[in-house]
Amino acid sequence: MDEIQKRLLMEVADLHGVPEGAYNIRANGQSVARNSTAGIDITSKTDGSGIDIRIKDGTRNQSLHIPVVLSKSGLKETVYNDFYIGDDCDVVIVAGCGIDNCGVQDSEHDGIHRFFVGKNSKIKYVEKHYGSGDGTGKRILNPGTEVTLGEGSTMEMEMVQIKGVDSTVRSTTANLAAGAKLVVHERLMTHGSQSAVSSYDVQLNGAGSDADVISRSVARDNSYQKFDAKISGNAPCAGHTECDSIIMDNARILAVPQLEANNIDASLIHEAAIGKIAGEQITKLMTLGLTEKEAEECIINGFLA
Amino acid sequence: MPARLHKGKSMLELKDISFEVHEEQSKSILKDINLTVGDGKFVVITGPNGSGKSTLAKIIAGIEQPVSGTILFDGRDITHLSVTERAKLGIGYAFQNPVRFKGIKVRDLIRIAVGGNISVAEACNYLSEVGLCARNYIDREVNASLSGGELKRIEIATVLARKSKLSVFDEPEAGIDLWSFRNLIEVFEHMREANGNNSILVISHQERILNIADEIVVLADGAIRAHGSREQVLPGLLGTGSAVNVCDKMGGGAL
């Protein structure tokens, strides 16, 4: 890997080198490093379109890193990664994609991740997106995530896209069995003329299933964001979505809350708020010695922390 | 008014400060205010609601700009300096209604106030000073989960952490309970003990705060009606709205 790829790797996966545990590192369309462990087996799909990850029943306290870096201008790829996770597992999965585009052609990575989680497993999934490079070619990321959670399983997803991605259409769907729980924390910042669309379709199918989808975003300059979250309660269940956005400059934000109750014992809540930074917040931080610009950065960083 | 209240250096000088608001028609809020705060003084500005006290505090901090007049701080003209520049020169300001921040933790605010990295133990000291059990608060977000009273105490802690030459408190007692009110008096006393050259300017009409003042300024209808030592001014205020007994205001008899 070259220096640019190493830098991207650090941005998206906090990796300085080869990680511990299981990993698959994909650079410019090819797998450049891979390690399976006793509990986590990584194999290439036979048609070359991605990887299959199989995690054995009872695999606990293990981690899996599957970062993707693109440093070649004009590269477009769609990758399908399937995760088959057994029962009673407890694993951390760190994905993420970094694109550096110094050229004039668009670079695009569309990663489709499908999770099939067994019973009583606990998954933490972290996905960071990052773009850099000053070429005119766009950096495009379109992640698709499909989650099927078995009875009593929990998945906590952390999705972060703070810098440099020109265009994103993110789609996340989830189906939850009885007693399953999904928690999503999404953090997004767009600037320049970027556009980001994030949509969720969560189906609470089993009794006692629970979903909490929380998005915090900052839209600056002329950027556009759309947050479209739908939770359907098909059984006695609890669902909550929250979209909290700071709007700046000439940005535009559209929040589309959707709750669908198909069962009398479905308890569903949506909260949405869009607003600019309050002048008093800036003033308070200025009385503590920050400049107006520093105060603004501090408020945004805190909000997205 | 006594001829010379301020022996020694004067830290803050307001000269002919006027302020107006322009809504449907211009309204004068402050008229030709002349006020000097000496080094190491504890000065309380009192007066009825709407007398312009809070506006005066904001003008000192740079949050509002006067329409005319000059502000000197340590002899330097700061009239046109920004809030940030004044903060860096040594003016602290505690909001009457503190601001909430989603995602910013109490420790972050205190770190910003100190202006550099500090240990958790140091940050905790400032919270203990305002009567908050530091361990429970240091990692809390300064958001809607805090009560008004908690927020107010954190606000005061951030101003303590700045160790400013001049600390301005706009109605520090507003929104806090009786227990913390007692504590507040101790906070001011500790501030004075910690650095005898620093000055404190408090907007308040609470008798207990007036009771520890070196000097009292009475503001009404945008003008200074009286300015003198506590001994000179306080007797004339007792029983008026400018010197409220905390127990009366809180329903009485609690002590």
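Buried residues make up 45% of the 305 residues in chain A. Buried means 20 or more other C-beta atoms within 10 Å of a residue's own, with C-beta atoms placed from the backbone; exposed means 12 or fewer, and partly exposed is in between.

Some ground rules. This is a predicted model: local features need pLDDT of at least 70, side-chain atom pairs count only at pLDDT 80 or more, and totals for chains, interfaces and linings use all residues. Residues are numbered from 1 along each chain as its sequence is written, while chains are lettered from A and ligands numbered from 1 in the order in which they are written.

Chain A has 3 helices and 21 strands. These are DSSP runs numbered from the N terminus: H or I, at least four residues, for helices, and E, at least two, for strands. Its C-alpha atoms fill a box of roughly 55 × 55 × 35 Å along the principal axes.

Now helix α1 of chain A, residues 3-13. Which of its residues are buried? Gln5(A), Leu8(A), Leu9(A), Glu11(A), Val12(A) and Ala13(A). Down the axis of α1(A), they fall within an arc of 165 degrees, so they line one face of the helix. That arc is of the directions from the helix axis to the C-beta atoms. The cover over them includes β1 (22-27), β5 (60-65) and β8 (90-100) of chain A; contact here means C-beta atoms, placed from the backbone, within 7 Å. Just after α1(A), Asp14(A) takes a positive phi of about 50 degrees.

Conventions
Two residues are in contact if their C-beta atoms, placed from the backbone, lie within 7 Å.
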